[in-house]
Amino acid sequence: MAQTSDDGHNLPYTLGSAIQTSSLIHNTSGANLSVMPPGTEHSAMQNSANSMDSLSGGAKPPFVITAAPSADNAMLRAVMATALEFLTPRTLEYHSAREFTLWGLGALTALDPTLSLHTDKKEISLMDGQKTLFTQPAPPAADSAAWVELAVHFITAAQTHSETFRKISQDDLLQTFFDELFNHLDPYSRYIGPSPASSDRIARTGGEADAGVTLTHKGGHILIKTVNANGPAWTASVDAGDRLVAVDGRSTAGQSVKTVSEWLKGSEDSLVHLRLLSPGRKRSHVVSVRRARVPPETVFAFTSGSLLILRITAFSSDTAEEMSQYLDQAMQDTHLRGIIIDLRGNRGGVLQQAVTASALLLDHGVAAVTDGRDPEANHIWAVQGGDMTSGLPIAVLVDGHTASAAEILAAALADHHRAVIIGSSTLGKGLVQTVAQLPNKSELFVTWSRVMAPLDWPLQGLGVMPHICTSLGASAIARQVHALSQGHLENKPALEASRSARFPISTSNILSIRKACPAALGRDEDTETAQMILNNKAWYKAAISATPEDASQQATATHQ
């Protein structure tokens, strides 16, 4: 739902760096809400490992390591030590350092099937068939330092005896070690190697500093395609459709979009001068902006008649701010009659951003509750600050790929009677990941809490049940709309069943509830149905009133 990542970006909850939003987020547990880089996902960063003592003991292994540790082994040791220190207090269920290490050492067999581990309570052995290659005494199960040393020794022994193993790069070795370890945990905990981790961080927090615009090529000219709502060009006189004539005095004539885009990049806070020619104007003008690191835009706004459509593709570190700016602009339109929030295909991201986004549309109340083994994972995510839209009708579009932080936003708005949910059952990713940056610049995503919606039902597995189900086909949609015209919601039984579910919930119960509206990809009928309902106050009211209870009262009663 990491913050969350998402997980599939993920958050998991996803769930990037989160902006501090203390004015909108109230943590009733009293814990510190300041965060670092996440989705449905609260992150922790660990950048250095404690030095680890060597194993001592009187074992007499067939193979003894006597050489001084190499630089590669020093990095292995640092990465594994940091990982075990981070994992042990945070996983949803307790696992010892012994379990984590032996799971990870499954990489020995995965990388060279001729190798295997033999374990008992007293010692661990590396085997080649029936031949013992290396043996060490088993440390105490909770001694992380000793288990890290054991892992490094066994990897060194494998490299000594196996030509196949010697050809494996350190990145591949670590990837396999953690893949084997996380095979024993939930689907969303994972290790991300240095290169993809760097790409993920850029996606969450922004890459090189630039002007915050995208370009396109049309009619032989370079044009401004989009202006990022959080970029430096947003507040300057730069508009989509403007022709970019020159950058810092260099003509764009005959240049490619890629080349000109590179011209826009530079050191953070440096000035870049854009010569622009706006449509319908005869004279160009120069705009100067200061470059900034800007996360990719995740919110896109459109209008359809008297309705505003906000398409949210992910929850990055600036998503709530983007959404706030679009809502602020839209509320200046006196003809605005409703809002459609399109979360279809949104796999989540930063948990805090979903909470902050909900605060833009709720006067107050609980947006979500997270529960985990680590006390730092336990929060009641309450919001206050006021509904920017003054109660305008809202429809939220979801589908089978809506996950994590996106599900948190949809559930919060639905449980507070603030939005009608339209589409199919969502993915059901209600687990939050916290993130550690390891010494080799890789990242560790570890599931450390479960998400409960304001009405206290679990998102994990169950997902969000829509008010109006569109995945059953056109005839079913027509039947549900007709029911609304008669003042009742056809899908109310499934809605009530999902909202009354409590953790732990069996797989059979989850499947029984979800079959009322099977998960599916979004379809054109989703938007059309939302437009019909938002344009009919009686239908909208009939759908909203079907949500079982008042979310604020239920959450207060449950969590006081």
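How are helix 10 and helix 11 oriented to each other? They are roughly parallel (angles under 35 degrees count as such). This is a predicted model, in which local features need pLDDT of at least 70, side-chain atom pairs count only at pLDDT 80 or more, and totals for chains, interfaces and linings use all residues. Residues are numbered from 1 along each chain as its sequence is written, and side-chain values use heavy atoms, without hydrogens and water.

**Helix packing**

Helix 10 (residues 351–359) packs on helix 11 (residues 405–415) at about 25°, with axes 8 Å apart. Helices here are DSSP runs of H or I, at least four residues long, numbered from the N terminus. Axes are lines fitted to C-alpha atoms over the stretch in contact, with angles from 0 to 180 degrees between N-to-C directions. Contact (heavy atoms within 4.5 Å) involves Leu 351, Ala 354, Ala 357 and Ser 358 of helix 10. Helix 11 contributes Ala 405, Ile 408, Leu 409 and Ala 412.

**Aromatic rings**

The whole structure holds six aromatic pairs (ring centres within 6.5 Å). Phe 100 and Trp 103 have centres 5.9 Å apart and planes at 80°, so they pair edge-to-face (over 60 degrees). Both residues lie in helix 2 (residues 97–104), three residues apart. Phe 177, Phe 178, Phe 182 and Tyr 191 form one aromatic cluster.

**Charges over rings**

The criterion is NZ of Lys or CZ of Arg within 6 Å of the ring centre and within 35 degrees of the ring normal.

| Charged residue | Ring | Distance from ring centre |
|---|---|---|
| Arg 190 | Phe 445 | 4.0 Å |
| Lys 429 | Tyr 188 | 4.5 Å |

Key
Rings of Phe, Tyr and Trp (its six-membered ring) pair if their centres lie within 6.5 Å; planes under 30 degrees apart count as stacked, over 60 as edge-to-face and the rest as tilted. Helices (H or I, at least four residues) and strands (E, at least two) are DSSP runs, numbered from the N terminus. Angles under 35 degrees count as roughly parallel, over 145 as roughly antiparallel, 65 to 115 as roughly perpendicular and the rest as oblique.
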